Amino acid sequence: MPSPSGGWGCGGTWARGVDGARLFSIHHQAVRPNLSTISPPKEPPMIEVRHLCKSFARKPAVQDISFSIPAGEIVGYLGPNGAGKSTTIKVLTGLLVPDSGEVRVGGLVPWKQRRQHVARLGAVFGQRTTLWWDLPVRESLELLRHVYRVPAARFAENLAGFTELLELGPFLNTPARALSLGQRMRADLAAALLHDPELLFLDEPTVGLDVVAKERIREFVKAVNAERGVTVLLTTHDLGDVERLARRVMMIDTGRLLFDGPLAELQARYGGERELWVEFEKAPAQPALPGLTLLGQDGPRVRYGFSGAAAAPIAQVTALAPVRDLAVKEPEVEATIRRIYEGNLLGSRSVREG
Ligand SMILES: Nc1ncnc2c1ncn2[C@@H]1O[C@H](COP(=O)(O)OP(=O)(O)OP(=O)(O)O)[C@@H](O)[C@H]1O
């Protein structure tokens, strides 16, 4: 039964769910379709979670979480250490049984229809490998082909495609234990996708990699999503991953979903000011300008903070003194997330965007 706020609860305590109000209204919609305007049935979401609760030794790890992810989306799942991300993923993969709530992934209940479910998902955990340590990568992939019963022709096709995209060729005959972290991650990605899963869980897929290796992994994930329509749930502390891959983010803390919406919205709301970096021909004696925050000055170089469009601040600085160069710097996602965590900006309110 819903609480007055539209939420449900965990273990008998009422809590406000992020989707509570929406679910409540869905339950009470009039069921008399107008046949002249009826549209074809919508595809069911790839992931549907309602009022998920899970505790360990009575300590809640996930509290009344609800969200829905359509097929083909890439969603970043963020939160500080111990927030409840892994617990959610473990429920979604069928490794954990929740205390209460409803979960459907591709129409299946993960922990009840585990065999069918596992056949349709892939997972890469940055800290672990699915490859056999002492076997050459190619043999690990062959073994996985048998585990997942991938037809030989499809396996050959996928292996050729991934070898090209991920440049696996130079180390296909190398045992996993002798691979660099970046090579291992690429091999693990291939392993996770050989059986054509519809859904991919990525947990810290670029942890410990250099910028070039990170970029290669991100490009690959983008391609797999765009070309194969694979839905991706990405857990990461690397906000570069999120910026490059996900337009939508869900943010969780102390087991509660605090934000679910476009990354751009999170930035606009909590990202702080944009910056205008100006290099004047000569150091201005009075650099302060109305409506702009003077962030710092180093001789002719002055940094201003501003909100909204850049045109007016640019006009202001160019009217102040001759300008040699200028640049607009957007607030970094990294800084935004830090502000949110440190300042507890989302509080315990649940926020749901578009
Ligand atoms: N098997 C377990 N037994 C007891 N407590 C657990 C267990 N798994 C998780 N927890 C607790 O549940 C809470 C959520 O943990 P979870 O691992 O889901 O967080 P997380 O967001 O994935 O963190 P991290 O970013 O550090 O991986 C934490 O307080 C954690 O200590």
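Predicted model: local features only at pLDDT ≥ 70, side-chain atom pairs only at ≥ 80, totals over all residues.
A residue counts as buried when its relative accessible area is under 20%, and as exposed when that area is over 50%.

**Entry 1: the chain as a whole**

I then went through the secondary structure and noted 11 helices and 16 strands. I also looked at which parts of the sequence meet: among contacts between residues at least 6 apart in sequence, 66% join residues that are at least 24 apart.

**Entry 2: domains**

Next I looked up the domain assignment, which gives domain 1 as residues 47–268 and domain 2 as residues 273–330. Taken over C-alpha atoms, the centres of domain 1 and domain 2 are separated by 43 Å.

**Entry 3: the nonpolar cores**

Which residues touch the most other members of the largest nonpolar core? I found that this core has 49 residues, and that the ones in question are Leu141, Phe162, Leu202, Val232 and Leu266. Helix H6, which covers residues 181–193, gives the most to this core, with seven residues. As background I noted that, in soluble globular proteins, nonpolar side chains tend to be buried together.

I picked out phenylalanine 162 and listed its contacts, leaving aside the neighbours within four places in sequence: they are Glu167, Leu168, Ala190, Leu193, Leu194, Phe220 and Arg228. There is also a second, separate core of 25 residues, and Met46, Ile69, Phe201 and Met250 are included in that one.

**Entry 4: around the ligand**

I then turned to the ligand and wrote down the residues that surround it, among them Phe56, Lys59, Ala61, Pro80 and His237, together with Asn81, Gly82, Ala83, Gly84, Lys85, Ser86 and Thr87. For glycine 84, by contrast, a polar backbone atom takes part, and its distance to an oxygen atom of the ligand is 2.9 Å.

How much of the ligand does the protein bury? Taken alone, the ligand exposes 640 Å², and the protein buries 59% of that.

**Entry 5: histidine 51**

I found histidine 51 in strand S3, residues 47–56. Is histidine 51 buried or exposed? Its relative accessible area is 9%, and because this is under 20%, histidine 51 is buried. Its side chain is joined to the side chain of aspartate 64 by a polar contact of 2.8 Å. I also checked the backbone and noted that phi of histidine 51 is near 55 degrees, a positive value in a residue other than glycine.

**Entry 6: threonine 254**

Threonine 254 has a positive phi too, of about 40 degrees, although it is not a glycine. I located threonine 254 in the loop between strand S10 (248–253) and strand S11 (256–262). Its relative accessibility is 56%, which is over 50%, so threonine 254 counts as exposed.

**Entry 7: two further residues**

Proline 151 sits in the loop between helix H4 (137–147) and helix H5 (152–166), and it counts as exposed because its relative accessibility of 53% is over 50%. I compared its place with that of histidine 195: these two residues are 44 apart along the chain, and 9.0 Å separate their C-alpha atoms.

Aspartate 298 belongs to strand S13, residues 293–298, and with a relative accessible area of 53% aspartate 298 is exposed. From aspartate 298 to leucine 121 I noted 177 residues along the sequence and 54 Å in space, C-alpha to C-alpha.

Definitions and conventions
Residues numbered from 1 in each chain as written. Heavy atoms only, no water. Helix = DSSP H or I, 4+ residues; strand = E, 2+ residues; numbered from the N terminus. Contact = heavy atoms within 4.5 Å. Domains from an automatic or database assignment. Core = buried A, V, L, I, M, F, W, Y, C linked by side-chain atoms within 4.5 Å. Buried < 20%, exposed > 50% of the residue type's maximum accessible area, 1.4 Å probe, protein only. Near = heavy atom within 4 Å. Polar contact = N/O pair within 3.5 Å; in protein donor to acceptor, adjacent residues only side chain to side chain. Areas by Shrake-Rupley, 256 points an atom, 1.4 Å probe, with all protein chains shown as cover.
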